[in-house]
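Biologist: Can you walk me through this one? Keep it short, please.

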Amino acid sequence: MLKPVNRSRMAVSLFCLTAICLLIFSGQPAAAQKVTEKEVSGIVTGTDGSPEPGVAVMVKGTQNGTMTDESGKFSLKVRVISGQEAPVLVFSCLGKEQQEHKCNKDFFKIEMKDELATLIGAVINTGYQKIDRRMSASSVASVSGEEVLQSNATTLDNMLQGKIPGMTVLSSSSTPGAATKIRIRGTSTISGNREPLWVVDGVILDDPVSISTEALNDLDNVNLIGNAISGLNPMDIEKIDVLKDASATAIYGVRAANGVIVVTTKRGKKGAPRINYSGTVTVTERPSYNKLNLMNSKERVDVSKEIAEKGLAYRFEPAAVGYEGLLYDLYDRKIDYNTFLDSVQKIEEINTDWFDILYHTSVSHKHNLSISGADDRVNYYVSGAYTDDNANLRGTGMQTYNVMGKVQVKIAKKLTGTVQVRGSVQNKDYLNSGISPYSYAYNTSRAIPAYNEDGSLSYYNAEQGYNANPLKYNIVNEKNNSGRKVSSDSFSFNSNLEWGIWDGLRATGTFAMNVANTTDKEWFSDKTYMAATLRRTNYGVALPDNKTFKEQLCQLPYGGKFYSSNTRNFGYTARLQLDYSKYIKGHHISAAGGFEARSTKYTGLSSTQWGYLPDRGMTSVIIDPVQWPQFNKLQKSTPDSITDRVSNYLSVYGVLSYAYKGRYIVNANVRADGSNKFGQDKSTRFLPIWSVSGRWNIMNESFLENVMWLNELSIKGSYGIQGNVSDDQTPSMIIKLGSMDQTTGDYLATLSKLPNPLLKWEKTTSYNLALDFSVLDNRISGTVEYYYKQGNDQIVSVEVSPTTGTSSMSLNVGDIMNKGYELIINAVPVKTRDFRWSLSLNSAKNINKITRGGMQDEYTYAQYVDGSAVLKGYAINSFFSYKFAGLDEKGLPTFKDIEETDGITREEMYAKAFAYSGNRVPDMQGGFSTNFTYKQLTLGLFFSYSLGAKVRRNNLYNNSGQYLPTPQQNMSGEFVNRWRKPGDEAWAVIPALSTESLSMTGFFSDRELTIADNRWQMYNQSDLRVVSANFLRLRTAYIRYAIPESFCKKIHVGAANVRLEGNNLWIVCSKKLNGQDPEQLGMGNIGITTPPVSSFSFGLDITF
Amino acid sequence: MKTIYKVFACASAALALASCSDFLKESSQDQIRPKNASDYKELIAGEIYYKMNESSPQNAWLDAMTDDCEELAKKASTFAPDKRIAAFGYYTWQQEPERQREGVLNSDGAWGLYYHQIFTCNMILNDVDDMEGTPEEKAQVKAEAYMIRAYAYYMLVNLYGEPYDPKTADKAAGVPVNGLIGVENKKFKRESVAAIYDQILTNGENALKQFEICGDGNSVFRWNKAAAEVFLSRVCLYMQNWEDAAKYANAALSIKADIWDLNQKAVDDASVDSYSYMDRFFTSRNPEILFTFGYSTEIFSAEGAGSCYPPSAELRAMYIDGDLRGGKTGMYIRWLGGFLNVKKYAPFKSYMASYTSRYGQAIRTVEAYLNRAEAYSHMDGKSADALEDVERIRVNRIKPDKYVPLTATSKEDVIQAVRDERRREMCFERLRWFDLRRWGRPSITHTYTPDIKNPKETETYVLQENDPAYTLPVPKEVLEMEPELTDIERPVRNPQATA
């Protein structure tokens, strides 16, 4: 706590000192010169010629200034000193490009350009206010919608990686509709939600289905349902503002501690109606074996041969498939030796391409049509879009329909109304989540066929069923008889009325509502292996008439499973805001204050229907629970659940800012929220959150008056405090009402929250310091920022002794620190009439550290190795590995520091056995883009990079214990270099084929403290298998050709261009990854999504 | 900044009060802040009784440590589980009984379970007076909470505390007392055994006072006055306070004195389908049951035809011919030869509540007679009264044609007769272990067959007389968190070398 205060004090005093020195220096009066005063006047208009009222006209470096009147006219007295250069007039206005003109004439005719057209981010939209970037002291990064568009992505969150400094985007995949995880300026909470807040056109959006914090924070969890902005068409986005520091986010209250992403949708541009069509066709590659170091049929059969020759015994009878299967047939005299040899040769040549069987090169297309326009009174934008995103995984994909309409009408001189409607329908087809296609293709032996010679499906034995009859598996059959469908329909409405009450005073009323219906259906039929494992017999086999089978084994005698979950989210926001802005002789005061009421309601039902028969008119078998007691248990384990939850928030907020002569800006924000959250401590309602910030526009100082090469120079800083009240803080006991006990007839209630009066608020203090500059006619501009966030008294769930009456409790024992810097540099090195070359670089470094809390002994070894343990002195998502110590004389893996000594505590044992491997989340992520424009042709490249993260290589063994590779299992090509004979341990790091269980638990391991399940798992999760996940990815490369105007005219088109784009074309990453994607989920276990693949798009853009 | 806070606070408060109190009214689908005494009644049912009925903490294996059990090492079918493995550490009085045969840790959840019950009752008792509800409703909640706390301390001190001896009780290591009413990461120390028994009696007496207000209670699924009196008489027996033991037993019997005549039951059973679960002893038809709770353990039963710890030959021999409790068709121990492929004994007292509508454990009127008999047997000149109580039970348990009254003469004989009857009557109700602890802690021998395919090779384990292993160790998960709770020194126990 002490450190940051000192640091900020130092920064502030340094700041003041510099300021004073500069002021003294600049205040030196010039000696005896002739001073005259002249009057200048002029008219300021917009690009369309209409007068621009309210434009500030200042003499640079002085307090002297005025504003244009209703007709855009101004007049001003200017002091001219002879012998010196003429003073400079500065014209500035919110949303317009600032202009400077030497005062060398008496009448000025100024045309103010819309700043958005030239420099995105000139106006910052916080959702509550639009602020001139030069007047804002907050840390906000802005990017235009056009800049983030990426042909192969269909939702906004998937397009943002590397685009915004300080924003880390994780979990990219080529599975359509999979939501990403976003961290802004690191992870700032231990137990709370780590995702940022999404705001679209000033309205906070909620996720369509509420997901638990644990699932959201779990880096391995894949959200296929979608997040708050899934229903938004990326083509409708005008710009994105990312609010990063406390000063920017304070206005959103407690929920904004992780940052806020404000999306502004498009509006019409002044002029004749414009009709725009854009279409894209994208070809997505399928994954292949090319880059992956996996065994082919021959190599895999060789391994099987070695197992057989060495006489190694399987612990369980392996599947009769592949080489082993043939061997059994030979032993059972089903085939003779010659047939055996022939068959072996055959399977050596099969080389089944599982990737081809499960994946294909897919073609997707998107179409977008918009009509927009504006005149003095009406501004409109209407669009419709259709996307058919065919995934490269066969049988999956996503279809999206979007519509949006937005009309702004100037009803009277001082009254403007806006109405916006947005609708979207999304249908997503996925495989049943019990199937992981990428993982299957990766892990399955290529020496077994998917189809028989006659074209029918080829099954292999996967598990023993009833009476040792094997259950048969084929992935194609599995895929064809199961599935998952997620469909979401959303509609939102946003209206807004703005009334200019009086000079500088404005009132705005906003009402917005949104509704989203999400249906998630997942099923498998009785033909699948998933059903067979529950039934304990293969499909089509008559159920055995046996008592044990009926009463103890069979869980699902008939049919399959149908799970469905429907969630409806309805929310509304009502807001009344007053804005005041006054400019008096160099003093600019602006203030805003408002009330907001927000409500969001989730209702839903999820249920599981057993006995589902999709082929029989989607009916279900009624199964007698008395006759099938195991079924009864199964059914009881999947009860229906109903959701009905309302969250209401009532907030007051205020913003006050004061600017002196456009040089010194001071700003303060405050917000207080109350909610209907159950069980909260009443005294913590309306807990205020506040921030103060300041900015010094050095550029506007008189001593820089004549420095023409410098276009902008400013320093800004902010300080803010955010508090968060945990759900667990409750002064009294909360109980949860349950069902009824049939035996006793008593209603049951259970403890939900224990009185926890000692719990305090979580508090985060943030500092931000930034420098903005722009030089050489804005050819080079940039921002450098430094921030420091200290979260104190973070709530951590701590395991305690059961003697207290509970096994875990929430305590304020965590402190978490985030600091880092961010950098953006934009440059235009070459700019001629025909050729323009621009560069843009952004980079951010984040250092995250738990400074208090996170006790070592409260976690399991699994949490250490998967990075979910929160440990003092380490960053969140740090993970640990066992220390590999080479192979022993039998070719088995050994590890350092795993011996258990007498009296060793779990904490000491962990500290000894585990080596820190790194962080799963990169500490540096950024992007680099460059564009070349020559006449009609533009070439653009966008690279994103990520540094500092570590990842595990794909597992070589099953974590639950390996023994020998099963016949259906493929093996990594690394096994070629395995230990084969004594002496190999000198160089080999891949263990021998072995039947040893190498158990680390149980009676024979003689261990008190569990640090692993077995040594095969330890091998997978050893430091040997950790590699850097650093990468530089060419995310986008495109060539755009603008069809010449003369040709467009001929075909009666306003403008047109064609675009060829490639995505994920090239990646630089560690060679040790063996073709594994550095962003692949799952830490060695391949998850259900498909890693990113290359895609190519062709796009056409026509404006009429 | 202070003023800004104030302005905001006022504005917010005004706003909240004026227009939006409904908007910010706390709302939840299924959570409530208890307002009414009846909410606590539901909480006791859901958080305490129901959770005890749903799963079984380690103390369900108490009987495995006694001489009422022996092993059966046989596997009739491949699907039958070997039930011996899980309780191996208890059956052979290992230094760390939580470890299964293969070393896997089978965490002892009893400590946590009972402290959670104590903590829950602390909170309930702290709040209940501020709740809405009639004095009777509140008294009922309080009475139950006191009894749950009393029972929890009784279990804890008998599982993890040293045996009660009136001479050393104020020095012997008991268990911690938890007085928390909110979440607090506190460290505890062991109190003396006497202090814990004091807790039990104080809570019990408080409960009885509340029962005066609310009435005796009429649900067998909740603590009621009669059950409380029986329980307190048991506690007094443990403390060798014979006067009070008899006093509480009398009080219990004055409320309910029924004994189920098993001779009559056999006649009734003719109307009950023989495959029905209703022919069990713990059913709604049993008038002896005062309070039923908990879970029955399957390791003593060979149903499913697997290896287990069935009743010992020694126990079986305790039942004379004609005793309806033992023998081939006994109510407590039954020969199941024809029903399953393997002939063996299995306790037949209890079964799943969903079939019999009674839970796996109970406090019964019969115990009041036994408690009183035991108290009388130690008092001078009360031997006859003691025997009378025993006969009251026997006459309802033995076929009339085989019934012969006992003929004990000396005080010692009477004491032994009462103890034997208690063993016969209360078998597999988790009392035997506690009784052995107070009856001189005799030596016990158990055999174990490591490999059922090789039944001739067995291991022999011996619990010595007065063995420290008559006290269970503090569960590992607790000791790890609170190493300062020093543990009982239990010896390492290896199989004895066969002569």
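Modeller: We start with confidence, then take a helix and some strands.

Biologist: What kind of model is this, and which features count?

Modeller: This is a predicted model: local features need pLDDT of at least 70, side-chain atom pairs count only at pLDDT 80 or more, and totals for chains, interfaces and linings use all residues. Residues are numbered from 1 along each chain as its sequence is written, chains are lettered from A and ligands numbered from 1 in the order in which they are written, and side-chain values use heavy atoms, with hydrogens and water left out.

Biologist: What does the model score?

Modeller: ipTM is 0.86 and pTM is 0.80.

Biologist: And what is the mean pLDDT of chain B?

Modeller: The mean is 84, and 84% of the residues of chain B reach 70 or more. pLDDT is the predictor's confidence in each residue, from 0 to 100.

Biologist: Helices next. How many residues does α6 of chain B have?

Modeller: Helix α6(B) covers residues 193–214, which is 22 residues. Its first and last C-alpha atoms are 31 Å apart, close to the 32 Å expected at 1.5 Å a residue. That expected span is 1.5 Å times one less than the number of residues. Helices (H or I, at least four residues) and strands (E, at least two) are DSSP runs, numbered from the N terminus.

Biologist: Which residues of α6(B) are buried?

Modeller: Among them are B:Ile196, B:Tyr197, B:Ile200 and B:Leu201. Buried means under 20% relative accessible area, exposed over 50%, partly exposed in between (1.4 Å probe, protein chains only).

Biologist: What covers them?

Modeller: The cover includes α5 (135–160), α7 (225–238) and α8 (242–255) of chain B.

Biologist: What comes just after α6(B)?

Modeller: B:Gly215, with a positive phi of about 100 degrees.

Biologist: Over to chain A. Is strand β2 buried or exposed?

Modeller: Buried, on both faces. A:Ala56 and A:Met58 lie on one side, A:Val57 and A:Val59 on the other.

Biologist: Which way does β2(A) pair with β3(A)?

Modeller: Antiparallel, over 3 bridges. A:Val57 stands opposite A:Thr66 there. Two strands pair if DSSP finds at least two bridges between them.

Biologist: And with β5(A), how many bridges?

Modeller: 4, again antiparallel. A:Phe91 is the bridge partner of A:Val57 in β5(A).

Conventions:
Contact = heavy atoms within 4.5 Å.
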